[in-house]
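My plan is to go from the chain contact to the ligand and end with a single residue.

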Amino acid sequence: MTATGAQPRPMAAGPPERRFGPYGGRYVPETLVPALDELEREWMAAREDPSFGLELSTLLRDYAGRPTPLYRARRLSEAAGRTVYLKREDLLHTGAHKLSNALGQTLLAHRMGKRRIIAETGAGQHGVATATACALLDLECVVYMGTEDMRRQRPNVERMRLLGAHVAPVDVGARTLKEAVSAAIRDWVAESDTTHYVIGSAVGPAPFPAIVRELVRVIGDEARPQALEAEGALPDRVIACVGGGSNAIGTFAAFLDDAEVELVGVEAGGEGVESGRHGAPLATGARGVLHGALSAVLQDADGQIVEAHSISAGLDYPGSGPQHAHLRDTGRVRYEAVTDADALAAFRRVSALEGIIPALEPAHALAWLMAHPGTGGGYDLLTLSGRGDKDLAEVLGVSDEHRHAG
Amino acid sequence: MSGPDGVTRIAAAFAGHGRRAALMPYLMGGFPDVETSRLAGEACADAGADLIELGIPFSDPLADGPAIHAAATRALAAGATVGEVLGVCRSLSERLPIVLFAYANLALSPAPEAFVERARDAGAAGLIVPDLPHEESEPLREACDAAGLALVALAAPNTPAERMAAIGASARGFVYTVSLAGTTGERGALPEDLAGTLARVRASTDLPVAVGFGISTARQAGEAADMADGVIVGSRVVRAAGEGGPDAVGALVADLAEALA
Ligand SMILES: Cc1ncc(COP(=O)(O)O)c(C=O)c1O
């Protein structure tokens, strides 16, 4: 391997957190607890092993294309009335930030001797990233996906199949991300001996939220020095969209100790938070248990999980990562919601302004930024978590509906 | 509430069944509708069940296979609420001890004490929370202890020895042994290592040891009764409730009871 110059990524010491304040934990069937213990042990061992770190950083650089650029968005800055830098995760191989997590976890699974990989996917980006990593490492790959998401993210279904993955349709409930995660966890309950579950966001039972954060924090770890070099000062605001919360925590982690930097997470406002049809548990939600962790969850008075609603499959989720719930309660991060309509408008606007078609997920963050120009004399940094090719059919379809209805 | 508390009722049910093992059918509350699920419970009592495990339908049942998951989905779609299922519990608890089966987000909503109070007022004798492993269970167990309800602990074939000891020590009522690594659902045969699993569970506790997950035929129930103090039959009973209503449930439970004689 031509690993010239690749440095093993620095990783946090100590055991991965099981709790973030009161949030997190492991609310799973007893059968899964030994698998989570094993994962925690193996992760700590892998972190200490320089060859693991070197292999990962080499793949991230030579295969995935890290570091991704930090781009001063010229026309967007003019339109927004302040300087905006985009962290270009859309330029990462497979088209979204998800590959950094998928490569790290798949390498870990390989090291653990697990030959079968399962994953869930909403927008299809995590499924594609996992299928890609499995092709690279020659592992069997099964991706659970809601049938509604298979419909609206068709190109990604075809990509996963081409990469050799089996896409397992999930046809219950709202047929979206929540059901896909449940199906993957059920599979893992029965197959944890042979199978690693590559969870796709900073959610799930401990140690997943901490492991995923450590693997995606490369986003902020790159962006912070890039921003300092470009502007000679830290940004006023760092902004990212939040589905389960991986690209957001991956961006924020490097800035948490910079008290002067405002951190903003943007959730799916769907048809408006007052309509009740949205995907904004952090901005609105109570405390609850979903998919193995205590966090902010959309639920009714009895504790039944309420379906999320969003035009963006990647944000269409009633839960959130437990560390985000804690960062909300401590006030370190502010969480906002942006509607489908505003995200769609930003999707079109940024495409025309910058020649960059954003995914619908970060289009929410872009919409918030354009609507909230801020007051400081500095600049903003926004994580453009993925590119929008996957969303074209859906966006054009929705726009047609609007035209015909209107 | 007057009368014996839940822990006492469960102990009496395990001590007084007069068969090789206690029989505990599982029913999904509100499936196919609330009143039919109550009648199915009456049919269980008439046919010789010793306790009933009453499921509260939940939107995301991580420990359940297709049959029970589908029943929960149907119950919720028909509008079943936690309150209505607790109403079924109240009615059936006059006949035999009811152990509620509720996922963590229901049992912790809005707080453990609040849910336990509702369960106790509904006459429940115990509570099983399949996604609340030992390390997360303390707040709910304290609430249950204060209310005289048994928080039943779960043990699995892959539970390591040290953990098993901690689970056995904190169990109330009985220890629910999950027979296999997997979700609920009918299986062709009992797992080969079941005797070993049950022996390890038994060594960890003085309480009765019950076994469930995958037990569906009278023959399997009879085999399980040789190894355990209680036999739980879930998906097969739920299937009967869906296919033939209370009569089918009654006939099935009578067969199972005979196999335990
Ligand atoms: C491009 C993109 N951004 C964001 C997300 C949301 O996930 P997370 O909040 O974990 O970053 C997704 C999920 O599919 C995505 O594809």
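Before I note any area: buried area is the accessible area, taken with a 1.4 Å probe, that two parts lose on being put together, summed over both. I am working with a predicted model here.

**Entry 1: the interface**

How much area do chain A and chain B bury between them? I find about 2500 Å², with 52% of it on carbon and sulfur atoms. On the chain A side, I note that Glu30(A), Arg186(A) and Asp302(A) lose the most area to chain B, and together they make up 28% of what that side buries.

I then looked up the residues in contact: 26 from chain A meet 36 from chain B.

**Entry 2: what chain A brings**

Which elements of chain A supply at least two residues each to the side that touches chain B? I wrote down helix H1 (33-48), helix H8 (177-191) and strand E11 (286-290). H8(A) gives the largest share of that side, with 6 residues. Sorting the side of chain A that touches chain B by class, I have 12 nonpolar, 8 polar and 6 charged residues.

**Entry 3: the ligand**

Ser201(A) places a polar side-chain atom 2.5 Å from an oxygen atom of the ligand. For Ser246(A), again with a polar side-chain atom, I read 2.6 Å to a ligand oxygen. Gly245(A) has a polar backbone atom 2.7 Å from an oxygen atom of the ligand.

**Entry 4: one serine in chain B**

Last, I stopped at Ser93(B), which sits in the loop between helix H4 (82-92) and strand E3 (98-101) of chain B. Is Ser93(B) buried or exposed? I count Ser93(B) as buried, because its relative accessibility is 9% and the cut-off for buried is under 20%. Leaving out residues up to four places away in sequence, I see Ser93(B) touching Arg9(B), Ile98(B), Ala122(B) and Gly123(B).

How values were computed:
Residues numbered from 1 in each chain as written. Chains lettered and ligands numbered in written order. Predicted model: local features only at pLDDT ≥ 70, side-chain atom pairs only at ≥ 80, totals over all residues. Heavy atoms only, no water. Helix = DSSP H or I, 4+ residues; strand = E, 2+ residues; numbered from the N terminus. Buried < 20%, exposed > 50% of the residue type's maximum accessible area, 1.4 Å probe, protein only. Contact = heavy atoms within 4.5 Å. Nonpolar A, V, L, I, M, F, W, Y, C, P; charged D, E, K, R; others polar. Polar contact = N/O pair within 3.5 Å; in protein donor to acceptor, adjacent residues only side chain to side chain.
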